[in-house]
Amino acid sequence: MNSRTARLPSIAWRLALAITLILGAGGLLITVAAYAYGRQAAGEAYDRLLAGAAFEIARSVSVTSGSVIVDLPTSAFELLALAPKDRVVYRVLDRHGNTVTGYDSVPRPPQSADDVVFYAAEFGGETVRLAATRRRFAERAYSGEVGIVVGHTTRARTALAWDITAKALWILVAAGLAMVALTVFAVRSSLRPLGRIEQAILGRNPKDLSPLCVSSPREIETIVVAINRFMDRLARRVTVMQTLIADATHQLRTPIAALRAQAELAAAEENPERLRSIVRRIHQRTVGLSRLADQLLNQALIIHRADAVEQQRLDLRAIAVRVAEEIDHDLPAMGCDLRLDLPEDPVEVRGDAFSLVEAAKNLVNNAFRHGERPVRLTVETIAGEDRAGEDGAEEDGAEIAVTDSGVGVPTSHWADSGRRFANTAGSSARDAGLGLAIVNAVAEAHAGRLEFSRTADGRFRAALRLPLQREPGS
Amino acid sequence: MKACCRVLLISLAMAFATRGVLAQDEIVTLGPPWNEAGDRLLIQGSTDVEPFTPILEAFSARMPDLAIRYEEILTNELYERTRRACDDGAAGADLVISSAIDLQVKLVNDRCAQPHVSGRTEALPDWANWRDEMFGITFEPAVIVYNRMRVPPEHVPRSRFDLIDLVRPAENPYAGRIATYDIEQSGLGYLFAFVDSQHATTFGRLIEALARNRMVATCCSAEIIDGVAEGRYLLAYNMLGSYALARAEVDPRIGVVAPDDYTLILARAALIPRWAENPEPAKRFIDFLLSEEGRQQLAEASLIVSVGSSEEGGSPLLSGGPSTLHPIAFSPALLVGLDRQKREIFLDLWRSSVGGIGE
Amino acid sequence: MRILLVEDTEDVAEPIVATFSRHGHAVDHMATREAAEDALAVQEYDLIILDLMLPDGSGLEVLRGLRSAHCPTPVLVLTARFDVDDRVDALDTGADDYLTKPFDLRELEARARALIRRQCEVRSGVVLYGDLSLDAAARTASVQGAPLPLTRREFRLLEILLANQGRVIPKDRLFDKLFSFEETDVGLNAVELYIGRLRRKLAASKVSIRTLRGLGYQLERHE
């Protein structure tokens, strides 16, 4: 009946995809960061080169008779040549800003108090990074600063920055691939318990509903627990059904045996008078058997519904009304005697209408058959009360109750009302027992209970008590 | 006509004639006629036409449809022309080959060259390839040339130390008989001397020793080697090996030795100017020069001197082994020598030691 | 009496035919829906006993057809024991009574008799409830002997309540009984209106009308 459920993509693949996306995004960020770092690191490294060359040149500056002499050290340029592909510029300025030697077109450095100041300029179409330093002279003939500017193009540092970035990228890619592979592996291995569960289930006898014993991690455990709970419910239902069938077979055996015997007798009887009386007895038996079958079926249906049918919000008064309607129909001679006492406001409970109607009908039928008129069917709300010796306060309850003026069930039997008569069949007193067994079963299925009591004016009261559902908002 | 006028006229005529002869010697054209050709390659260089022509011919044989024109120009003027073309954004030569590698470095540093990358250029050692814009195509040692007749074998200086020891005695036959390039005039001489000065202690002692012996600083490889051959000079220091070797092959009076404390190696630098009109044939020529055939041609012109043992085909000249070789690297460090103040300081030093132009 | 029995199980039908025949009624026995509909087309009956589970359809269909043709013949429906929905549907569609299988023949007889009697009965007799007395024929009512002035509709309402004394009648069932189809512009609140009026008129008596919220109305008497 179920349409084919869609097959979701493999967890391993989904995870791998998710991780790839995350790694991709993260990787992009890291690449950007790596490049930024690479640029900074490379820039700092080559700036130091520039600064070194500038200082070396600065050291070789001297002042003779008021004029600045620069004995350019080759070592300074060899330092600069460490950036192999870069072009070099330099300029030495006197205190008036005139060129002592070098390239005139090198721009003057910006004002700064630092030892070395770095700045940039355009040279022949390429950006050039410049380092400038100063040397103070306090000679009689020359008092002032000499500025030394050294610069080079940025190819080497850019190459280094990319090199750092590339290496970071390689590591990233390797790590990423490793992570994805690990994830796939981890997922596969962590899902292996599912395989074991599959084997365990497939391997067992189809009739075997005992709990699974598969060691599994906490996350998979929930599935195992769910499967076990499911199988447990199934097992219970199977057991119940088996019990019902066994029960029914057992209970039906005697009346059916009796019936057969009587019929056989009838078949052999010649005397019309005796024959008539035998046939009368047969008729009685069949009526009794019919009623027994009804009750067994009722019980089975209620038990089935307790497990299978979803409980819904309903008004207990509506149940009472239906009970009254059906009783009116079934027992027309007695119908008018059933008084219906209902409150004006709804009394909400959670349950299965059919089961509740059957249970209440059982109570009413018992009252009419074994009790005394007048019989009243009531619905009430009962406030919760503290029960001494029981844990916690009781919640508010709803009751559907039948009262009559008869003797009722003896007080000594009040404690285990249902169970007592569960396994009996056939006669009217036992009918009552079976009926009560059904009411008990319904009570249990509704998280309630069957209660017997005496009212203030001495009437016998049989009530089915259920938890009251508060209306939302009240 | 008056005698003086005639002399003047003849001198002028000679001057112009010489000019014409010189003009003829300085230019080589190969392949289809220059003015009509579609594919052209204009090379300007400082190498003498005579040793360079066979190389050009070998290349032309490979590219018969290419019109090639080679102009021999002195290094300084070569620099000026290329600089002007670069600054003006005009097309000048398509390829510039110069032994003044410091000037070539300056051109490249000032963004006047364009890059060329090929399998061959990438195979060059780092010192012979700067920024893929400047390529070292020869391998020429700076040598000591001596007169084999007059200088006894045991006197032949194998190293600078030997040279210093040789001229130490107060009365020695080499006083006044040692020549070298006038570094104020010769760019190459200046370069060699400047690089020498990087080896500070040796240089100081050498210059002091040579100056004490009244070393003659004069012009031109040809003249100096002639002088050595004729015996006017007994030793010539820091001569360009290619020229000396070529002469030594034909003249038994010339001996050549490379100092084994360190031997400076010069690689002439080829660059393609930034605004060159025909860069493609220029690139092709560079690759040719770096190829097997090209190198063979250059070696035959003594422009490439092989390193290694004699079994490996190495020249006996450089038998000291690779550790003694000091190639002058293409690097911004060469700019230092060009610096106006630095040059002044260095020349002052030179002048104060060695003195001015000799006889 | 002419009785139509629609029942496919032979073992069940035979005794029914025999019993009614014994009592002097004429019984037509049909085993399929088609046969039943054919019979109904040509013959008028005093009572129809209808099994819901027929081999060629549902007895409900027969009933529906019957009622939409405005045929007032009383129908007694035979249903399976636990089929609540079927039973409710049958009553809603217009069945007059029902019996669940298996049933006592005597009960069937009794109910059949009651149904026929109801048909024959003229609405006569006085009904007493508490201190209220209602004369159906004269269409009058009185409380403790004093006449109760009631409009036609109020009387009808009281009549219905009395017929269902002690039981809870939903508002819409009251509506169906009080108003006919043609009165389309009347809403359910009309019922509330009449209940209100009746309640006021009964204020003095021991009989009262209770409103059970969400369920309906119940006629009650006090001591």
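Author: Let us begin with a term. Helices and strands are runs assigned by DSSP, and each kind is numbered from the N terminus. The model before us is predicted. In chain C, helix 1 (residues 10–22) lies across strand 1, strand 2 and strand 3. Its direction makes an angle of about 165 degrees with strand 2 of chain C.

Reader: Which strands of chain C does helix 2 lie across?

Author: Helix 2 of chain C, residues 33–42, lies across strand 1 and strand 2 of chain C. It runs at about 140 degrees to strand 2 of chain C.

Reader: How should I read the sheet to which such strands belong?

Author: Strands of a sheet pair through backbone hydrogen bonds, and the pairing is either parallel or antiparallel. In chain C, five strands form an open sheet in the order 2-1-3-6-7, with parallel pairing. Strand 2 (26–30) and strand 7 of chain C are at the edges and have a single partner strand each, so one side of each is left without a neighbour in the sheet. On average, neighbouring strands of this sheet are turned by 20 degrees against each other, direction ignored.

Reader: How many bridges join strand 1 to strand 3 of chain C?

Author: Four bridges join strand 1 (residues 2–6) of chain C to strand 3 (residues 47–51) of chain C, and the two run parallel. For one residue pair, take C:Ile3, whose bridge partner in strand 3 of chain C is C:Leu47.

Reader: How is the relation between two helices described?

Author: One asks how far apart the axes come and at what angle they cross. In chain A, the axes of helix 5 (residues 218–268) and helix 6 (residues 272–308) come within 9 Å and cross at roughly 175 degrees. Angles over 145 degrees count as roughly antiparallel, and helix 5 and helix 6 of chain A are therefore roughly antiparallel to each other. Their contact has 20 nonpolar, four polar and five charged residues.

Reader: What may be said of chain A as a whole?

Author: Its secondary structure comes to 11 helices and 14 strands. Chain A has 474 residues, of which 30% count as buried. Among the contacts in chain A with a separation of 6 or more, 65% are between residues 24 or more positions apart.

Reader: How do I read the places where two chains meet?

Author: The size of an interface is often given as the accessible area lost when the parts come together. The contact between chain B and chain A takes 16 residues from chain B and 17 residues from chain A. On the side of chain B, helix 13 (334–338) and helix 14 (340–354) each supply at least two residues, and helix 14 of chain B gives the largest share, four residues. That side of chain B divides into five nonpolar, four polar and seven charged residues.

Reader: How many residues does chain C give to its contact with chain A?

Author: Chain C gives 14 residues, and chain A gives 15 residues. Strand 13 (residues 207–212) of chain C gives the most to the side of chain C, with three residues. By class, that side has six nonpolar, four polar and four charged residues.

Reader: Which residues have the most contacts inside the largest nonpolar core?

Author: They are B:Val145, B:Ala236 and B:Ala244, in a core of 137 residues. Helix 1 (residues 11–59) of chain A gives the most to this core, with eight residues. Beyond its neighbours within four places in sequence, B:Ala236 has contacts that include B:Ile144, B:Val145, B:Ala179 and B:Ile224. Another core, of 51 residues, lies apart from the largest one and includes A:Ile319, A:Leu377, A:Ala462 and C:Leu174.

Reader: Finally, how are backbone angles read?

Author: The bond from A:Arg373 to A:Pro374 is cis, with omega near -5 degrees. A:Pro374 is in the loop between helix 9 (353–370) and strand 11 (375–382) of chain A. The bond from C:Lys101 to C:Pro102 is also cis, with omega near 0 degrees. For phi, consider C:Gln144, a residue other than glycine with a positive value, near 50 degrees.

Reader: Is C:Gln144 buried or exposed?

Author: C:Gln144 is exposed, because 12 other C-beta atoms lie within 10 Å, and 12 or fewer is the limit for that class. C:Gln144 lies in the loop between strand 10 (140–143) and strand 11 (146–148) of chain C.

Definitions and conventions:
Residues numbered from 1 in each chain as written. Chains lettered and ligands numbered in written order. Predicted model: local features only at pLDDT ≥ 70, side-chain atom pairs only at ≥ 80, totals over all residues. Contact = placed C-beta atoms within 7 Å. Nonpolar A, V, L, I, M, F, W, Y, C, P; charged D, E, K, R; others polar. Axes fitted to C-alpha atoms, helices over the stretch in contact; angles between N-to-C directions. Parallel < 35°, antiparallel > 145°, perpendicular 65-115°, else oblique. Core = buried A, V, L, I, M, F, W, Y, C linked by C-beta atoms within 7 Å. Buried ≥ 20, exposed ≤ 12 C-beta atoms within 10 Å, placed from the backbone. Pairing = 2+ DSSP bridges.
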